[in-house]
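Hello,

Here is the structure I promised to pass on to you. Have a look at it first, and then read my notes below.

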Amino acid sequence: MNFELDARYIALQQQARAFTRAIDPIAVAADESSQVHPGVLAALQQSELCALMVPAEYGGRGERLDPLAICVVREVLMATCSHADSLFALQGIGSYAITVAGSAQQRAEWLPKVGRAESLAALALTEPVAGSDLKSVTTELKATESGLLLSGAKSFISNGAAADFFVVFAREGKGYSMVLVPARTPGVSVSASPELIAPHVLGEIEFSNVALPVEARLGQAGQGLDLVLATLGVFRISVAGAAVGLAQAALEEAVRHTRERSQFGRPLARLGPVAQLLADCVTEIEMARLLTYRAAHRALEDPAAALHHSSMAKLAASEMASRVVDRCVQMMGRWGLIRNSKIERLYRQARPMRIYEGASEVLRLGIARQLVQDVP
Ligand SMILES: Cc1cc2nc3c(=O)[nH]c(=O)nc-3n(C[C@H](O)[C@H](O)[C@H](O)COP(=O)(O)OP(=O)(O)OC[C@H]3O[C@@H](n4cnc5c(N)ncnc54)[C@H](O)[C@@H]3O)c2cc1C
């Protein structure tokens, strides 16, 4: 058993760090924007990191997606620029159902462009009413004599108006299906979502009687829920990777501050309660990192069985990131509160992680259900 990243992942970390160094001067502006930042996108395209999101057959790096590689990169990206992290992650989240269940033609058409970040992907599950209760979606896919017809509305969809295609989860008959909708298809319209505490590229998507060929369906009719779970099995872990990177960045800010600033004749870092907070932060980060890497490693071995560990890693890391960044703000006193300072941005960016890709309470329900089932 080896608990260290091997040379391949270290090289990837270095590549991701070179990318974040290149975008560092524009990271604050990008993180304040709810539109795609052209400079960050261009740098992402040049970095070739998105090739991690598609199989080798379509220009990717490995025969299949490597969840640990994706985690390692998100950890580095999120520490510098949440906008870049989101753009990177969405290329996988929005295209994974195509990788898993798309036809040869769908894969050949979209995946190479996804891997080069030339086409931006989006996954449309959430609706104005349906959130955690995904099975309550009302967007409907109907088979007609001439093909498929899609009607309904999706809400808070990452990449929004910037997406080149949407992978849409819809009700079909008594089950659920996934369908691939190019953004320029007649009947598709996008409007702005509300601005969030941590700006994010988001859109409200409307599908009014969108006519699609029958080949637009991903996999079989009724396979929609399985495809959502497969996507979450791989990508929920990557949220954990991003949360670990965020917490690490916050802690480094707090360490630098508490080492330099003295009160009561000593550096803050040497005052007992502050030292305890620092120790708790680094320990909790390390625990979450290990759980995340292990879950990612398991997901590579067996993606179908990954969801349970993926949920635990996401729960642990996103809750940890919120606790850590809150403590770091506290240790930095008034300097922790300065608008658009690094620590203040991290503080705002940590919060949504406990809600998207499975709210913590919903994850706990699933984890407990599995536990009760597993204990003999
Ligand atoms: C930045 C951001 C990006 C997003 N991007 C996308 C995207 O790309 N595609 C997409 O489809 N969606 C996206 N979403 C939407 C996201 O997936 C939903 O916000 C999430 O699923 C939670 O749904 P909800 O917000 O409707 O909360 P609700 O379902 O209304 O839940 C609210 C709260 O109620 C509690 N709760 C809910 N159900 C239970 C339960 N069964 N047991 C116990 N407690 C419960 C939890 O505390 C939860 O936080 C995004 C959201 C954000 C904030």
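**Helix packing, domains and the ligand shell**

The crossing of α3 and α5 is right-handed. Please keep in mind as you read that this is a predicted model. The two helices, α3 (residues 38-47) and α5 (residues 82-93), have axes that come within 10 Å and cross at roughly 50°. That angle is why α3 counts as oblique to α5. On the α3 side the contact is made by V40, L41 and L44, which meet H83, A84, L87 and F88 of α5. Sorted by class, this contact has 6 nonpolar residues, 1 polar residue and no charged ones.

Stepping back to the whole chain, you will find it divided into domain 1 (7-115), domain 2 (121-220) and domain 3 (225-374). How far apart are the centres of domain 1 and domain 3? Taken over C-alpha atoms, those centres are separated by 21 Å. Across the boundary between them, 23 residues of domain 1 are in contact with 24 residues of domain 3. On the domain 1 side, at least two residues each come from α2 (27-31), α4 (67-80), α5 and α6 (96-101). Of the elements on that side, α4 gives the most, with 10 residues. The residues with which domain 1 touches domain 3 divide into 16 nonpolar, 2 polar and 5 charged.

Next comes the helix α8 (residues 224-260), which I looked at against two partners. The axes of α8 and α9 (residues 272-301) come within 9 Å and cross at roughly 160°. Because of that angle, α8 is roughly antiparallel to α9. The crossing of α8 and α9 is left-handed. From α8 the contact takes in residues including G233, V234, I237, A240, G241 and V244, and from α9 residues including V274, L278, C281, V282 and I285. By class, the contact of α8 with α9 divides into 17 nonpolar, 5 polar and 1 charged.

The other partner of α8 is α11 (residues 342-350). Here the axes come within 10 Å and cross at roughly 150°, so α8 is roughly antiparallel to α11. The crossing of α8 and α11 is left-handed. In this contact, L246, A249, A250 and E253 of α8 meet K342, I343, L346, Q349 and A350 of α11. The class count for α8 with α11 is 6 nonpolar, 1 polar and 2 charged residues.

Finally, the ligand, which may be the part you open first. Which residues come nearest to the ligand? Of the 18 residues around it, the nearest are L125, G131, S132, S158 and A359. Two or more residues of the shell come from each of β1 (121-124), β3 (147-158) and α12 (360-374). By class, the shell around the ligand divides into 12 nonpolar, 5 polar and 1 charged. In terms of domains, the shell draws at least three residues from each of domain 2 and domain 3.

Best wishes

Key. Residues are numbered from 1 along each chain as its sequence is written. This is a predicted model: local features need pLDDT of at least 70, side-chain atom pairs count only at pLDDT 80 or more; totals for chains, interfaces and linings use all residues. Axes are lines fitted to C-alpha atoms, for helices over the stretch in contact, and angles run from 0 to 180 degrees between N-to-C directions. Helices (H or I, at least four residues) and strands (E, at least two) are DSSP runs, numbered from the N terminus. Angles under 35 degrees count as roughly parallel, over 145 as roughly antiparallel, 65 to 115 as roughly perpendicular and the rest as oblique. A crossing is left-handed if the near helix is turned anticlockwise from the far one by less than a right angle, and right-handed if clockwise. Two residues are in contact if their C-beta atoms, placed from the backbone, lie within 7 Å. Ala, Val, Leu, Ile, Met, Phe, Trp, Tyr, Cys and Pro count as nonpolar, Asp, Glu, Lys and Arg as charged, and the others, Gly among them, as polar. Domain bounds come from an automatic or database domain assignment. A residue is near a molecule or strand if its C-beta atom, placed from the backbone, lies within 6 Å of it.
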